[in-house]
Amino acid sequence: MDPVCGSVWPKVAVLLLLAAMRPRTEAMTITSTGSQTIQQAEGDSVNLGCTYTPAAEDKGELDIEWSNVSPDMTQKDKLLLSYAAGATHNYYPEFTNRMKFLTEPNQGDASITISGLKVSDTGTYQCKVKKAPGVDMRKVTLVVLVPPSTPRCWVEGGEEKGATVSLRCKSSKGSTPLTYVWTRETGGAMPATATQDKGGELLIKNHTDSNTGTYVCEAKNAVGQAQCRYDLRAYNPTDKVGVIVGAVIGALLLLVLLLILIWLLIICCQKKRYQKEAANEIREDAPAPESRPSSRQSSRHSSFQSMAGYRTHQGVQYTSVRGHLPSIHESGPVYNGGSNSPSIAGDRATSLKYDQRYGYAV
C-alpha cells in the first residue's frame, strides 16, 4: 500500500466528519420561541409568534401561510391567512376582522393576532414560511377558556349555635377545572374547627359567636377568578319541641275545619233535595185546568162582539140574538130582549139611557 495514500485517507475522513457536524446556516429558519401551548380567556386577544430568518441562498418569492391543523390526519388543514406577492388574503369570514398580521410579513415577522376569542377558536395553528429553496414551519396550540362567573355564596341549613354550619360557593359559568377557596375577611383567623374542599364547601363544626364575621369565597381557573362574600351569624337554637307541637295542633285544626265544611255541604245538598221533592208533590195535587172553548167558537164570539161594538164584563151573561134585527128606519113593532111588549119605531125613536155598569146605552 502506498504510504502517501495511507496518510491522506484519515485526513479526508476527519474533514467529512467535521463538515457533517457543522450546523447549516444557509436554510430558512423560524426563530420564534416560547410556549407551544397558550391558554387564553374568552373575549381576549392573543398573539401567535412566527419570526423567521431566511438564508443567503433563499432568493425565491416569499410565501407565508397560517392554517388550522386538523386533528384528523386524513383531513386537510384549513388555510386561514396568507401573504404572497405582497398581498394579504383571508379565507374564512369568521376570521376576516379578527385575524391579521402584527407587522409587515416581509420584514422577518409573520406573527399574527386573533381578537375576540371564542371557545370554538381552540385548536392547533401552524405558521409556514417559504422562500425558495428554503422552507420552515412552527405549530402553536391555542386553548380558549371561559373565566368563572361571579359565584353565589350561601349557607346550607341554618346558623344555629352548637350545630355544624355549611357555607357553600358556586359559579354558574367557567371552564373546568374550577377551584374554590374560602378565606375569612373579618373576625379573625379561620376557625380551628373549619374544613373546606375544592368543590366550594366550608364546614364549621360546633358553631359559636366567635365564628361570626365576613367570609370570602374565590372561584378560579387558568384564565380568571371571581369572588363572593357572606356575613356569617350565630343564632340561638330553636325550640324544636314547640315547633312540632305547633305543627300538630295546626294540622288538627285544619282537619276539624275540613270536617265542618264537609258537614255543611251535606246539609245543603239534603235541603235542596227536600225542596225539590216538596215542589213535585204540590204539582201532583193541583187540579186540572178547565177545558176552554174551541178556538173556532171563541173566534166567532170575538168577531160578534167586535161587530156589535161593546165590551164584555165579568159576571154578565150574554145571549145571542138570532134572527133578523130590523133597522131603525123600518116601521112596525120592534121587540127588545127583555120584554114581549112591542115598541113603535115610526115617528119617534126609542128612548135610550147610558148605563155605567155596562159602558154603553141600554
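Begin by selecting C153 and C228: the torsion about their S-S bond is about 70 degrees, so this disulfide is right-handed. The model on display is predicted. The two sulfur atoms of C153 and C228 are 1.8 Å apart. The pair connects distant parts of the chain, with C153 in strand β12 (residues 152-156) and C228 in strand β18 (residues 224-232), 75 residues apart. Both C153 and C228 are buried.

Next, select C169 and C217. These cysteines form a disulfide with an S to S distance of 2.1 Å. The torsion about the S-S bond of C169 and C217 is about -90 degrees, so this link is left-handed. Strand β13 (residues 165-170) carries C169 and strand β17 (residues 213-221) carries C217, and the pair spans distant parts of the chain, 48 residues apart. C169 is buried, as is C217.

The link of C50 and C127 is left-handed, with -70 degrees about the S-S bond. C50 sits in the loop between β3 (46-48) and β4 (52-53), whereas C127 belongs to strand β10 (residues 123-131), so the pair ties together parts that are 77 residues apart in sequence. C50 counts as buried at 0% relative accessibility, and C127 is likewise buried with a relative accessible area of 0%.

The structure holds three disulfides. With the bonded cysteines of the chain numbered in sequence order, the pairing reads 1-2, 3-6, 4-5.

Then select C268, which takes part in no disulfide. C268 is partly exposed, with a relative accessible area of 39%, while C269 counts as exposed at 53% relative accessibility.

Finish at R138, in strand β11 (residues 134-145). Display its surroundings: among the residues that R138 touches are C127, already visited, together with I30, S32, Y125 and Q126. Is R138 buried or exposed? R138 is buried, yet has no salt bridge. The nearest side chain of opposite charge, that of D136, is 8.9 Å away from R138, whereas a salt bridge requires the charged atoms to lie within 4 Å. Which backbone oxygen does the side chain of R138 reach? The side chain of R138 reaches the backbone oxygen of G49, at 2.9 Å.

Methods
Residues are numbered from 1 along each chain as its sequence is written. This is a predicted model: local features need pLDDT of at least 70, side-chain atom pairs count only at pLDDT 80 or more; totals for chains, interfaces and linings use all residues. Side-chain values use heavy atoms; hydrogens and water are left out. Helices (H or I, at least four residues) and strands (E, at least two) are DSSP runs, numbered from the N terminus. Buried means under 20% relative accessible area, exposed over 50%, partly exposed in between (1.4 Å probe, protein chains only). Lys and Arg count as positive and Asp and Glu as negative; His and the chain ends are not counted. A polar contact is a pair of N or O atoms within 3.5 Å; within protein, one must be able to donate a hydrogen and the other to accept it, and residues adjacent in sequence count only if both atoms are side-chain atoms. Contact means heavy atoms within 4.5 Å. A disulfide is a pair of cysteine sulfur atoms within 2.5 Å. Lists of a residue's contacts leave out its neighbours within four places in sequence.
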